[in-house]
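Open the model in a viewer and keep the sequence at hand.

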2 protein chains.
Amino acid sequence: MSARSQGGRRPVGRRPGDPSQTRATILAAARRQFAERGYERATIRAIAARADVDPALVLHHFGSKQRLFAAAHELPVDPGDLFARIADLPPPERGAAIVRSYLSIVSSPSSPALSLLRAAATHEDAARMLREFVGAAFLVHAPRLAPGPDGARRLALAGAHMVGIVFGRFIVEIEPLASATTDELVELVGPVVQHYLDGAALGTSS
Amino acid sequence: MSARSQGGRRPVGRRPGDPSQTRATILAAARRQFAERGYERATIRAIAARADVDPALVLHHFGSKQRLFAAAHELPVDPGDLFARIADLPPPERGAAIVRSYLSIVSSPSSPALSLLRAAATHEDAARMLREFVGAAFLVHAPRLAPGPDGARRLALAGAHMVGIVFGRFIVEIEPLASATTDELVELVGPVVQHYLDGAALGTSS
């Protein structure tokens, strides 16, 4: 990075020129900081220092550490924002909405969210980063999305189910998952995710 | 390998000495062959040639290509044998049995089955090997385990769910999945796997 400034304290937004260059510099600093420190211990302040900008400028561009993480890893949406939107839906619609949203985030073998999964599979640092990021989202959103006993665990199981599906669909590319359409998966999996959210008893055919 | 024999055709069981050494030689040859050719195109004959033993000796030791694959990758059981045992249970017991069996196969971060998942996440050859091996098992066992329309897809979804759970539990080590006991997971997930096997409608709380 040749962008490191000379001199000492800087006012907010001091970095001149192209805002998209500033964004890119912040994102690169964030990726390195999250990779090295994990999600929990990474701070907006340290990322800003690394990018040689004021912390307020980072917040101006990205709003929160969570959104900065999502942007740094090219996730099309911050899962926290997504959970919040889904929690605003009528409860019976949430299962299908989770499946559809997840499949839109991980919609091809080159989806950036898959890079996070691949990295987590082989690098403990990446696994820790994902664990801290997603674990925080489960804890925050479980009370609304999956109320009742075991809610965070049920929400985590729903998430694990979606991870397994995209792992099978786009990494192992196993049939007959790989060729299933989004609508087919929403129809088959939506009720299961809904079940995890509701915590209701499942009827079986026996 | 210094074990390569000199000379031409050999009778069955010709390799002298320690049977466990013979087994190890066959397993090493199998691992290399599966990795290079995938599961479908690997043959007992080629693996035997690579180990410098007669194909009948490979079958004597391992019984089938499927079991040889399982042994070569240190899986404690061939999934085909496992599916067959589960299909012998009364239908309403199968969901819980699948969850419990899977969690006994992948019971710690060092379980060999996780090595296959990690490898598949980053190496297309390993992904193909897993795809062919597991895909074959889904197709063979779906008619008994998950009869009816979409049976193979429902069985694959149940399998993907289990993969997602062990991915979350032992690779990402995310809470509150990592600390869940086997019994807790059987109770929460067994009915969901059962639902996929049955293909029945799920009641929701709405």
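The model itself is predicted.

Next, show the contact between them: domain 1 of chain A contributes 7 residues and domain 2 of chain A contributes 6 residues. On the domain 1 side, select helix H1 (19-41) and helix H4 (65-72) of chain A, the elements that give two or more residues. H1(A) gives the most, with 5 residues. By class, this side of domain 1 has 4 nonpolar, 2 polar and 1 charged residues.

Now select helix H7 (residues 112-122) of chain A and show Ala113(A), Leu114(A), Leu116(A), Leu117(A), Ala120(A) and Ala121(A), which are buried. Look down the axis of H7(A): the buried residues fall within an arc of 150 degrees, so they line one face of the helix. What covers them? The cover includes H6 (94-105), H8 (124-145) and H9 (151-171) of chain A, along with H7 (112-122) and H9 (151-171) of chain B.

Finally, display both chains, where 46 residues of chain A are in contact with 46 residues of chain B. On the chain A side, select H7, H8, H9 and helix H10 (182-198), each of which supplies at least two residues. H9(A) has the largest share, 14 residues. Coloured by class, the chain A side shows 28 nonpolar, 11 polar and 7 charged residues.

Conventions: Residues are numbered from 1 along each chain as its sequence is written. Chains are lettered from A and ligands numbered from 1 in the order in which they are written. This is a predicted model: local features need pLDDT of at least 70, side-chain atom pairs count only at pLDDT 80 or more; totals for chains, interfaces and linings use all residues. A residue is buried if 20 or more other C-beta atoms lie within 10 Å of its own, exposed if 12 or fewer, and partly exposed in between; C-beta atoms are placed from the backbone. Helices (H or I, at least four residues) and strands (E, at least two) are DSSP runs, numbered from the N terminus. The arc is that of the directions from the helix axis to the C-beta atoms. Two residues are in contact if their C-beta atoms, placed from the backbone, lie within 7 Å. Ala, Val, Leu, Ile, Met, Phe, Trp, Tyr, Cys and Pro count as nonpolar, Asp, Glu, Lys and Arg as charged, and the others, Gly among them, as polar.
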